Amino acid sequence: MASDTSFPAIQSEPEVGRLAKDFELEVAAGQRTGAVRLSDVTGEGPVIIAILRGFPGRQCPACAGQVADLVRHARYFQERNANVLLVYPGPASELKAKAKDFLKDTKLPSPFTMLLDPDYAFTNAYGLRWNAPQETAYPTTIVIGKDGKIDFVNISRTHRGRTTAATVLDQL
């Protein structure tokens, strides 16, 4: 995470109609390098944020399924000038290695970027920390419009209930 962006400890969950909280996170993989600041990419078009569960003892198969579904629809996101940000939370000490393991040999297509959420700074700031044994973050999908406002949010309180690419595309 870049040093000039700080996160408050714990905030409320994202809500439709509210401005999305700005953040800057380090890139793990994808079409961008360095760090990504939300306010920079919202100017380019809509932004889809998929918060994954990270590594709660093993890679999450439901997360892998959701990412695969989103990636299969990459050209439709690209046609809508949307950026897809995958947020991978976890302890900072292992985060890069676990994120690399999650992707295995998958090269993320345009417009996808995987971001690292070290020590749950983003997850806490967005009120999405699933603070229970073997948990990390509530699986969440957020669609943010070019105006920076949240147009859609789906927070799953289970390991299932993931938003499909078709649902996300309907929101754009």
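Reader: What makes Arg53 and Glu135 a salt bridge?

Author: In this predicted model, the closest N and O atoms of Arg53 and Glu135 are 2.8 Å apart. The cut-off for a salt bridge is a side-chain nitrogen of Lys or Arg within 4 Å of a carboxyl oxygen of Asp or Glu, so the pair qualifies. Arg53 belongs to the loop between S3 and H2, and Glu135 to the loop between helix H5 (121–125) and strand S6 (140–144), so the bridge ties together parts that are 82 residues apart in sequence. Both Arg53 and Glu135 are buried.

Reader: How many salt bridges does the structure hold?

Author: The count is 8. Another of them joins the side chains of Arg37 and Glu24, at 2.8 Å from N to O. Because Arg37 is in strand S2 and Glu24 in strand S1, this pair ties together parts that are 13 residues apart in sequence. Arg37 and Glu24 are also linked with Asp22 in a network of salt bridges.

Reader: Why does Glu24 count as buried?

Author: Its relative accessibility is 12%. Buried means under 20%, so Glu24 falls in that class.

Reader: And why is Glu44 called partly exposed?

Author: Glu44 has a relative accessible area of 34%. Partly exposed covers the range between buried, under 20%, and exposed, over 50%, so Glu44 belongs there. Arg32, at 23%, is partly exposed as well. The side chains of Glu44 and Arg32 meet in a salt bridge of 2.4 Å, N to O. Glu44 sits in the loop between helix H1 (38–42) and S3, and Arg32 in the loop between S1 and S2, so this bridge ties together parts that are 12 residues apart in sequence.

Reader: How do you know that Cys60 is in no disulfide?

Author: The nearest cysteine sulfur, that of Cys63, is 3.3 Å away. A search of the whole structure finds 0 disulfides. Cys60 is buried at 3% relative accessible area, and Cys63 is buried at 1%.

Reader: What is Phe102 in contact with, leaving aside its neighbours within four places in sequence?

Author: Phe102 touches both of those cysteines, Cys60 and Cys63, together with Leu52, Gln59, Ala64, Val67, Tyr88 and Met114. Phe102 is also one of the residues with the most contacts inside the largest nonpolar core, which has 28 residues. Leu86 and Met114 are among the others in that group. Strand S3 (47–51), helix H2 (61–72), helix H3 (74–79), S4, H4, S5 and helix H6 (165–171) each supply at least two residues of this core. A second, separate core has 23 residues, including Phe23 and Ile155.

Reader: What makes strand S4 and strand S5 a pair?

Author: S4 (residues 83–90) and S5 (residues 112–118) are joined over 7 bridges, in the parallel sense. Pairing takes at least two bridges, so they pass. Leu86 stands opposite Met114 in S5. Helix H4 (residues 95–103) packs on the sheet, touching strand S1 (24–30), S4 and S5, and its direction makes about 145° with that of S5.

Reader: In what order do the 7 strands of the open sheet run?

Author: The order is S2-S1-S5-S4-S3-S6-S7, with mixed pairing. Strand S2 (35–37) and strand S7 (150–155) are the edge strands, each pairing on one side only.

Technical notes
Residues numbered from 1 in each chain as written. Predicted model: local features only at pLDDT ≥ 70, side-chain atom pairs only at ≥ 80, totals over all residues. Heavy atoms only, no water. Helix = DSSP H or I, 4+ residues; strand = E, 2+ residues; numbered from the N terminus. Contact = heavy atoms within 4.5 Å. Axes fitted to C-alpha atoms, helices over the stretch in contact; angles between N-to-C directions. Disulfide = S-S within 2.5 Å. Buried < 20%, exposed > 50% of the residue type's maximum accessible area, 1.4 Å probe, protein only. Core = buried A, V, L, I, M, F, W, Y, C linked by side-chain atoms within 4.5 Å.
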